[in-house]
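This report covers a ligand site and a helix pair. The sequence and structure come first.

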Amino acid sequence: MVAKTETSALPECWKALDECLNAGIDRVILYGPSGIGKTYAGMTLGDVEAGAFRLVCTEDMTNLDVTGGFMPNGKGGFLWLDGSALKAWKGNGTKGGRLIVDEVDKASGDVFATLLAMLDSPESASWEHPETGEVVKPLNGFSAIMTTNIENMGELPTALADRFPIRIRIDAPHPSALLRLSPDLREYAVRMADAGDDRISLRAFIALDKLRASVGMERACSLTFGHRAKQILDALKVDGIR
Ligand SMILES: Nc1ncnc2c1ncn2[C@@H]1O[C@H](COP(=O)(O)OP(=O)(O)OP(=O)(O)O)[C@@H](O)[C@H]1O
Ligand SMILES: [Mg+2]
């Protein structure tokens, strides 16, 4: 049994995710602005004690990334390596793990069919090893979280989206992410996380915070934000951040 998270002090989006995970929901799409903590949440929140396995979707990915394939073993032969989805199905051997399907909108047509099969309901899902004929099914506890930056879920292929009825737009950094920043930057980071075109990601704040300690705020802004540096430096000054 995994401890339930205290949800009262959380921003609404994180509260919603906690409620869903605590209720046993095992398919969730996290969408929203870049660098706000969707992937980190997928890798860490809820029951991930049997392992979290990340599948980063790109146009060039193949089924090797999803289910696995034969790779040279360095001795002239080949060795089967499981892909991320199969690893998550198997989890720790007794319990299924978490699959994070990152940037799902970027997956190519070829792998979509495989993803559909691997994300099917546990009763229907099964996969056959091409050489040994071994039939694998997802172990109890297998869960999947997909992440994307697209705002309109209608842009995802219907069959895939249909497997994920719960979709949560992440519009605020998690309080635990803010703890990585110096206290004076936290409030500003919250305000800028979902500020449309002016948005500043957590990644940028983490870099800025680190840089300013050694090169000073002005240079840190210039290195982190390029042509936006002056505008952001002025805004930071207004907030008393130096
Ligand atoms: N709860 C957290 N605790 C500590 N660090 C965090 C937390 N959430 C996010 N981070 C850090 O913030 C950065 C951005 O997080 P993450 O990669 O999860 O964003 P994302 O929403 O998936 O972005 P993208 O849409 O670009 O993939 C990472 O460096 C990550 O380690
Ligand atoms: Mg991500």
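## Polar contacts of the ligand

In this predicted model, an oxygen atom of ligand 1 lies 2.9 Å from an N or O atom in the side chain of Arg203. Two further pairs involve the protein backbone. An oxygen atom of ligand 1 is 2.7 Å from a polar backbone atom of Gly35, and an oxygen atom of ligand 1 is 2.8 Å from a polar backbone atom of Tyr40.

On its own, ligand 1 exposes 630 Å², of which the protein buries 85%.

## The shell around the ligand

Ligand 1 is surrounded by 17 residues. The closest are Ser34, Gly35, Lys38, Tyr40 and Asn149. Sorted by class, the shell contains 6 nonpolar, 7 polar and 4 charged residues.

Which elements give two or more residues to this shell? They are α2 (38-44), α7 (175-178) and α9.

## Packing of α9 and α10

Helix α9 spans residues 202-215, and helix α10 spans residues 217-225. The two pack at an angle of about 145 degrees, and their axes are 8 Å apart. Their crossing is right-handed.

On the α9 side, the contact is made by Ala204, Ala207, Leu208, Leu211, Arg212 and Val215. These meet Met217, Arg219, Ala220, Cys221, Leu223, Thr224 and Phe225 in α10. By class, the contact of α9 with α10 has 10 nonpolar residues, 1 polar residue and 2 charged residues.

Note on methods: Residues numbered from 1 in each chain as written. Chains lettered and ligands numbered in written order. Predicted model: local features only at pLDDT ≥ 70, side-chain atom pairs only at ≥ 80, totals over all residues. Heavy atoms only, no water. Axes fitted to C-alpha atoms, helices over the stretch in contact; angles between N-to-C directions. Helix = DSSP H or I, 4+ residues; strand = E, 2+ residues; numbered from the N terminus. Left-handed = near helix turned anticlockwise from the far one by under 90°. Contact = heavy atoms within 4.5 Å. Nonpolar A, V, L, I, M, F, W, Y, C, P; charged D, E, K, R; others polar. Near = heavy atom within 4 Å. Polar contact = N/O pair within 3.5 Å; in protein donor to acceptor, adjacent residues only side chain to side chain. Areas by Shrake-Rupley, 256 points an atom, 1.4 Å probe, with all protein chains shown as cover.
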